[in-house]
Amino acid sequence: MKLKKIKTLTNHQKEKLFIVGIGASAGGLEAFESFFRHMPPKTGIAFVLITHLDPQKISILPDLIKKFTQMNVFVIEEGVKVQPNTVYVIPPNKNCAIYKGTLQIFDITKPDEPIGIKMPIDFFFKSLAEDQNELAIGIVLSGMGTDGTIGLKAIKNELGLVMAQDSDSAAYSSMPQSAINTGCVDYVVSPEKMPELLIKYIKHASDKTVANLDSSSNKIPDALQKVLIILRSITGHDFSGYKHNTIFRRIERRMNLHQIEHVSDYVRYLQQHRTETEILFKELLIGVTSFFRDPEAFDALKELLLSHFLTADKSNNTSFRIWVPACSTGEEAYSIAILIKECLQEIDRPVHVQIFATDLDANAIEIARLGKYPSGIAAHVKPERLKEFFSEHEESYIIQKKIRELIVFAPQNIIKDPPFTKIDLLCCRNLLIYLDSDLQKKLIPIFNYALNPEGMLFLGTSETIAFHERLFVLINKKWKLYKRREDNYARIENEREFMPAKHKSNQINHAQIVEKFLLSKYAPPAVITDHKGEILYIYGKTGRYLEPASGNARMNIFEMSREGLKIELSIAVRKAVTEKKEVFVENLCVKGNGQYHAINLTVSPMNVSLFDTELFMVIFQDISLPEAKPVPMEIVEYSDEQIKKIDYELKSTKERLQITIEELETTNEELKAANEELQSTNEELQSANEELETSKEEQQSLNEELITVNAELEEKVEDFFKTADDMRNLLNSIDIPVIFLDNDLRIKRFTSQANQLFNLIPADVGRPISHISSNLKYNDLIKDSKAVLETLLYQEKNVETQDGHWYLMHILPYRTIENTIDGVVVTFLNIDDNKQSVSKINDLNKLVEKERQFTKRIADALPECMLVLDNNLKIVFANRSFYRQFKCLPDETIGKLIYDIDDRLWDSTQFREIVHSVLVENHSVNDLPMEQIFPMNDHKHLRLNVQKMAKDVALDEMILLYLK
């Protein structure tokens with residue numbers, strides 16, 4: 001048995017419950033059978049089957065699945081907790097979701113909705129991805145349409161496993177092929193091969209974690225560096241700025257797929273398989289996107305566009321430029337374009353719109369350019385938008401030209417390539433959350449530089465412009481909408497981040513020239529900072545006093561201070577901040593370029609407050625110390641040992657002081673981080689409080705619903721008793737023998753007419769049917785009933801009674817309202833009249849056959865060649881004279897087209913015209929010499945006769961050809 005080759009999971013591995021969602025439609029039953037017949041019963045895995053079922057019929061799928069597996073099989077009920085080694089089947093006309101491992105079902109309230117709305121596979125797969133993350137597994141089997149495609153992408157983005165049935169084994173391949181076309185499917189195999197791959201993947205994922213990768217450290221481990229180097233050499237892109245944990249999890253997932261235990265082995269695998277490097281590159285791009293993600297955010301954006309941008313005075317500039325970086329496969333860009341189009345319709349004035357959509361993934365850009373998406377997008381796009389901006393084509397939606405022509409798609413590395421400029425709206429949602437803080441700090445000023453004055457920045461709900469609050473004004477806190485801040489402070493910070501200031505005019509200004517000369521000649525170097533020491537502006541050459549600190553680049557004056565300046569500078573700034581007055585420090589000895597030199601230090605409050613932040617100017621002034629006059633003093637002599645001791649104590653004191661300063665700075669950073677975490681925690685607590693209030697209201701509403709449901713149940717009980725009475729009267733009134741048997745073939749009930757065939761009395765209820773004598777010449781009732789219970793396939797037979805009457809017997813499975821099998825139903829329909837009719841028909845057929853043989857013998861005896869054609873010009877009869885004359889056999893003639901026989905002798909234009917006139921115009925041909933039709937033929941001495949045979953009740957029109 002093949003099952004014995006697949007190892008089951010250990011108890012340790014079962015602690016992680018992997019939930020497998022399987023979607024199928026047309027042809028899915030055969031795929032389910034192949035899958036479960038090869039799946040061991042005790043793997044520790046749970047399965048949820050989502051299919052397209054007829055909403056008007058009760059499904060027998062659970063009973064069919066029970067035939068293929070020893071696992072427990074249940075129809076999904078509300079609130080059931082998912083258990084291992086169990087198969088759950090969706091009920092008809094329902095959607096299913098999972099929340100914290102519990103299955104929930106939803107009514108499809110509008111059965112007449114378009115096909116795109118009813119996507120139960122996508123609905124469950126997306127729910128499974130959000131709830132189970134990397135423990136989610138999605139499989140798409142045979143089916144028509146595109147259901148499951150969007151859901152599989154959601155599972156892949158959460159690092160789950162994705163599988164699809166190969167086209168060769170699928171009865172209907174459009175559904176799995178749609179999933180395969182996304183490029184996110186990990187395994188494309190036939191259903192019988194899936195269980196082995198599935199168990200191997202889960203076993204490895206349960207046992208192993210990525211060795212040598214520590215996501216808790218900011219340092220990039222050596223193993224990860226090697227992977228990043230290979231990626232950079234093959235793809236040309238550097239992922240070192242991505243969050244390490246994001247990279248770790250995707251590497252771990254790829255290792256699980258290949259059952260690789262050590263990172264060093266995976267590095268070698270990457271070196272040997274270029275395709276694996278390209279796949280890892282695509283998975284690191286994380287193309288999480290959909291149309292109108294967070295609809296309320298787009299509603300807020302539309303309101304702001306109408307009030308602040310599109311309705312503003314643009315008499316001098318009627319263009320509106322938009323940049324959508326990291327656009328993936330284009331859904332976000334098209335959503336923005338649709339929103340802009342709706343705004344233009346409302347304001348009713350012309351505005352030239354340009355949208356630039358870019359992404360690192362060239363393949364994603366190609367998909368975006370096509371503008372063709374699966375029908376599952378109907379779950380995210382309003383019907384009116386689908387109707388106005390999309391066209392339906394083969395179970396897909398295509399972007400209309402009026403939207404497509406607004407957008408230019410192009411590959412771009414947002415980190416390395418130059419940004420677009422003069423942008424009015426920049427939409428970059430859910431990119432920053434995957435980047436580390438240093439890369440985020442680099443991108444935010446780029447966004448500020450790209451935007452026009454008053455330009456808008458639209459970020460994802462989990463993203464922020466931390467460390468750059470001075471560059472933007474917050475418009476909408478919940479949906480992360482910002483407006484570019486336009487002032488000198490923001491300009492200085494922006495220019496400091498990534499580019500020098502530009503000269504705005506070439507016009508000569510003598511006052512500025514003189515001022516610049518005097519400042520460069522006599523003004524000392526200076527730095528403008530805030531109270532935290534963050535440098536905002538540098539004037540003059542400050543290299544003798546400041547130098548970049550090692551590690552991550554930061555513009556902090558305390559960290560950049562040279563030896564001899566750090567302590568005094570820190571004290572002076574702190575004193576200026578607290579006392580609000582100028583602080584002057586003389587005769588500091590600073591080490592620069594290997595030498596010591598003296599300076600005076602001045603820290604002055606600038607009496608300028610920008611955004612509630614005070615500014616200070618730090619001035620460095622070189623001085624020359626006057627020569628010291630000799631002063632008589634008592635000479636104290638120290639031994640070499642004492643001098644060494646004093647030097648050691650001085651050195652130790654300096655080192656301890658330096659350590660104390662560094663610890664203080666570290667503490668300040670930690671306090672800052674803790675403060676941010678406390679603020680975040682406070683917001684979460686406020687949110688939790690609001691959720692508790694909402695839960696209280698929902699609980700009250702639930703209690704009211706329970707009261708209503710209880711009343712409905714009482715009413716249903718009354719209806720049940722009425723239905724039971726109706727059923728009893730119905731069975732007694734019909735004129736058909738019916739017997740109901742349970743699973744043990746004991747009598748449950750019977751109609752009074754059943755007494756004609758079985759010697760039944762009311763006391764026989766509960767007795768085995770085998771104990772009851774019958775009036776039938778039929779002894780296989782027990783055997784056939786057991787077969788129906790085993791196969792769930794009904795049986796039909798003709799049975800005869802002892803006195804010569806005939807009945808058509810049906811044995812069907814008895815199904816309860818819960819769609820479970822509880823015995824069989826045996827019915828007997830009198831067919832005496834049918835039997836007599838069949839006997840008469842058999843006699844008539846025998847007579848017809850005799851006449852046909854008689855006619856054939858007459859035709860074979862004729863000397864003329866004879867052919868009979870049907871209305872498709874295929875030969876249905878030829879006599880012996882024809883075979884002799886044309887030297888052919890019946891196998892080469894009967895059923896062939898007249899034009900194809902005898903080396904296509906009859907395939908001439910004139911003969912085709914003759915046949916057409918006979919068949920269509922009811923003409924006839926008499927004694928036409930063959931030489932007029934086939935002048936080069938050996939049979940030209942024959943004369944052709946063609947006429948249509950009269951149409952009979954039992955036969956179609958035919959054509960008779962005979963040659964004499």
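E614 is partly exposed, with a relative accessible area of 33% (buried means under 20%, exposed over 50%, partly exposed in between, with a 1.4 Å probe and protein chains only). In this predicted model, local features need pLDDT of at least 70 and side-chain atom pairs pLDDT 80 or more, while totals for chains, interfaces and linings use all residues. Residues are numbered from 1 along each chain, and side-chain values use heavy atoms, without hydrogens and water.

E614 forms a salt bridge with K580 at 2.7 Å, N to O (a side-chain nitrogen of Lys or Arg within 4 Å of a carboxyl oxygen of Asp or Glu). E614 belongs to strand β25 (residues 613–622) and K580 to the loop between α21 and β23, so the bridge links parts 34 residues apart in sequence. Helices (H or I, at least four residues) and strands (E, at least two) are DSSP runs numbered from the N terminus.

## Other salt bridges

The whole structure holds 39 salt bridges. R293 pairs with E332, their closest N and O atoms 3.2 Å apart, and both residues are buried. Within helix α10, R268 and D265 lie three residues apart; their closest N and O atoms are 2.1 Å apart.

## The five-stranded sheet

An open sheet has the strand order β27-β26-β30-β29-β28, with antiparallel pairing (at least two DSSP bridges between two strands). Its edge strands are β27 (747–750) and β28 (795–800). Strands β26 and β30 pair over four bridges, and V738 stands opposite T827 in β30.
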